[in-house]
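Welcome to a short tour of a protein chain. Please take a look at the sequence and the 3D view before reading on.

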Amino acid sequence: MKALQRLMRQQIALLGILGVLVIWQVMGWLKLLPKFILPTPLEIGQAFIRDAGFLASHSWATLKVALLGLVLGVILACMLAILMDSMSWLNDLIYPMMVVVQTIPTIALAPILVLWLGYGILPKIVLIILTTTFPIIVSILDGFRHCDRDTLTLFELMQANRWQILWHFKIPASSPYFYAGLRVSVSYAFITTVVSEWLGGFEGLGVYMIQSKKLFQYDTMFAIIILVSVISLLGMKLVAVSEKYVIKWK
């Protein structure tokens, strides 16, 4: 019954998307939407086919930077979360600063990092780390705080040390929280990479988007936007699939 309901919801969602695309295309045919404001779905599809080679090469460039920044961000976030859970004074010191950084728009941080670190891969990586660590740290700390108190007491009665409690109890118990934060960070990583590429560079979807804008290729711009969205969704789906294999007891 639940599987049938899930299938019906998916079909309704697909029908809704299809309906929007049809209305969008018809409005384009009727000249209700100028091409420079909103190209039609068919024009965007033609841009995908026409610029497939460029889109593939620039996507790979963006993907490499995003994955590198995401991996470093995940490692740093896990280390900081463990330290902040172990030392309350460190949590009181770092957490407010992280909140302040998160309130600053990414587009405002990017030029400052370029000014400090130059036009290279380093400011992009730093920006990705800044945007991806916060959701994971908050999620892991939330998972640590929601660990079962009775089980924690049992470990303490068995004279387990702090690292044994962390490795055998807290980390497994907080894994679902970690994956919840990771799903958010994956989408942040790709979006942040594209934003950082707007400020300069030689390759990447953000660079290609700026080039397309200067050439008035608005169909290509929308194709890039859709491609970034698809890559982010695929990344989130990959995280969800890996979660099922890693957290088998969930």
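The report below covers the overall fold, the domains and the record's annotations.

## About the model

This is a predicted model, in which local features need pLDDT of at least 70 and side-chain atom pairs count only at pLDDT 80 or more, while totals for chains, interfaces and linings use all residues. Residues are numbered from 1 along each chain as its sequence is written, and side-chain values use heavy atoms, with hydrogens and water left out.

## Overall fold

The protein chain has 10 helices and 0 strands. Read from the N terminus, its elements run α-α-α-α-α-α-α-α-α-α. Here helices (H or I, at least four residues) and strands (E, at least two) are DSSP runs, numbered from the N terminus.

Along the principal axes, the C-alpha atoms of the protein chain fill a box of roughly 75 × 55 × 30 Å.

Where the domains touch, 5 residues of domain 1 are in contact with 4 residues of domain 2 (heavy atoms within 4.5 Å).

Together, domain 1 and domain 2 bury about 410 Å², with 78% of it on carbon and sulfur atoms. Buried area is the accessible area (1.4 Å probe) that two parts lose on being put together, summed over both. On the side of domain 1 that touches domain 2, the residues divide into 3 nonpolar, 2 polar and no charged. In this grouping, Ala, Val, Leu, Ile, Met, Phe, Trp, Tyr, Cys and Pro count as nonpolar, Asp, Glu, Lys and Arg as charged, and the others, Gly among them, as polar.

The unreviewed UniProt entry annotates residues 59-239 as "domain: ABC transmembrane type-1". UniProt positions follow the numbering used here, feature names are shortened, and annotations may be inferred rather than shown by experiment. In the model, residues 59-239 are 87% helix and 0% strand, with the end C-alpha atoms 19 Å apart.

The unreviewed entry also places the feature "transmembrane region" at several spans, including residues 65-83 and 222-240. Residues 65-83 are 100% helix and 0% strand, and their end C-alpha atoms lie 27 Å apart. Residues 222-240 are likewise 100% helix and 0% strand, with end C-alpha atoms 27 Å apart.
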